[in-house]
Amino acid sequence: MPEFFNVLPPQRALQALLDAMPPPGLDNDEVAVDEALGRITALDLSASEDLPSFPRATVDGYSLRAADTFGASEGLPAYFTVAGEVPMGRAAGVSLSLGEAAGAYTGGMLAHNADAVVMVEHTQQVDADTIEVVRPVAPGENVVQPGEDVRQGDTILPRGHLLRPQDLGGLTALGITRVKVTRRPRVAILSMGDEVVAPEVSPAPGQIRDVNSYTVTAQVSQAGGEPVALGIVGDVYEEQLSAARQGLEDADVLVISAGSSVSVRDMTADIINALGKPGVLVHGLSIRPGKPAILGLVEGKPAFGLPGNPVSAMIVFELVVRPTLYRLAGCVNPPEPAFTRASLTLDIASAPGREDYVPVRLYAKGSGELKAEPVFGKSNLIFTLIRADGLVQVPLDKAGLYAGETVPVRLF
């Protein structure tokens, strides 16, 4: 039986791959803003105008000259003549003189010569044309100034930025309706093994339905990639090599599933080495589950061999494939996994020198304390992940975790 030749912790293995990869160089796409969520900006984006472009009220009330309110109080109010109002969505048609005010609405424009807005709660109606102001306001109070959000020429989103919902709102606020983004990395997914059959097939004794192709496809989509399904290939080296070569020609990344166990039938490492240089960089990760994983590079394109067990494959994907896809797309700050903290309900055994990833189910006790209940099960049992809400990592240098410990939980 062949041995692992350079088992590494997942972060060191990932870094070895990233260091060997060429700089990101995917083509650019131009997409409509409403299709840009989760895409990566290909260029710096700058503001073509000030935002807001006019002084805007942040409360309902009256726009006025702040100096005219100085000294106003409940016992000695300042009196103002109401010169009109500025309707929402209209340009100001009112200019103020000494002791004049104009009706103002949240988000609306101020009257000319006004530099502040007094809240309606701090006024009293005297008659149809006169109000009392019972509290002074400072210049600029309750006003958003032109350019206070962004100024013309400011860089609003840098190159390599992952577009979020608020980013799309900011672009449309500036009238930007199309944006240049990097092309989604294409990921060829190859499932291998004589025992693997399509989900619609009733498996014969000794056969199993294909799980990994579908979980990996979903993970690729979640990570902003474009999955390219290559189907299932049996344990014939020439057929596997041909399918892998075609997949890598058509895609930016190759992911081979179910061919990275350490056995006499394992051909994944040989296939990656045969596809091009430098070939396999890391064969084996110091984790459980997921030890028999492979990271390689073929003429500048990443190639991965995922373990055949579904739980192992999904965990290895999250640790090394997902960040690689963001790197390929030029994402400067890839999104970090969400974590919470919870108290373990059971001991988790481990061994120093490897990282263990254990699925846990989260629930809150009556006190509101969040609990993490380990979902123990073998790595070929996909429902251990379905029953779980996240993963607890046992660090490399620890022999386990104890019930009652508060630990970080990586949420799905």
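Author: Gladly. The model is predicted. A search of the whole structure finds one cavity of 30 Å³ or more.

Reader: What makes a space a cavity and not a pocket?

Author: Escape is the test. A 1.4 Å probe fits inside a cavity but cannot get out, whereas a pocket is open. The largest cavity has a volume of about 70 Å³.

Reader: Which residues line the largest cavity?

Author: Gly38, Arg39 and Ile40 are among them.

Reader: How do the lining residues of the largest cavity divide by class?

Author: Six are nonpolar, three are polar and three are charged. Arg counts as charged, and Gly counts as polar.

Reader: Now the open space. What is the volume of the second largest pocket?

Author: About 540 Å³. It has 17 lining residues, and the closest to its centre are Gln222, Glu318, Arg322, Leu411 and Phe412.

Reader: Which elements give two or more residues to that lining?

Author: They are α3 (212–222), α6 (310–328) and β28 (406–411). The most comes from α6, with five residues. By class, the lining of the second largest pocket has 11 nonpolar, two polar and four charged residues.

Reader: On to the sheet. In what order do the strands lie?

Author: The order is β16-β13-β17-β21-β20-β18. These six strands form an open sheet with mixed pairing.

Reader: Why are β16 and β18 called edge strands?

Author: Each pairs on one side only. The edge strands are β16 (226–233) and β18 (278–283). From one strand to the next, the twist averages 20°.

Reader: How do you know that β20 and β21 pair?

Author: Pairing needs at least two bridges, and five join β20 to β21, so the two strands pair. Strand β20 covers residues 294–298, strand β21 covers residues 301–306, and they run antiparallel. Leu297 stands opposite Pro302 in β21.

Reader: Which helices pack on the sheet, and what do they touch?

Author: Helix α4 (residues 237–250) touches β13 (186–192), β16, β17 (253–257), β20 and β21. Helix α5 (residues 268–275) touches β13, β17, β18, β20 and β21. Contact here means heavy atoms within 4.5 Å.

Reader: What angles do the helices make with the strands?

Author: The direction of α4 makes about 170° with that of β13. For α5, the angle with the direction of β18 is about 150°. Angles run from 0 to 180 degrees between N-to-C directions.

Definitions and conventions:
Residues are numbered from 1 along each chain as its sequence is written. This is a predicted model: local features need pLDDT of at least 70, side-chain atom pairs count only at pLDDT 80 or more; totals for chains, interfaces and linings use all residues. Side-chain values use heavy atoms; hydrogens and water are left out. On a 1 Å grid over the protein atoms alone, a cavity is a set of points where a 1.4 Å probe fits but cannot get out, and a pocket is an open set with protein on both sides within 12 Å along at least five of seven lines; lining residues have an atom within 4 Å of a point. Grid points are joined across faces, edges and corners, and a volume is the space filled by probe spheres set on the points. Helices (H or I, at least four residues) and strands (E, at least two) are DSSP runs, numbered from the N terminus.
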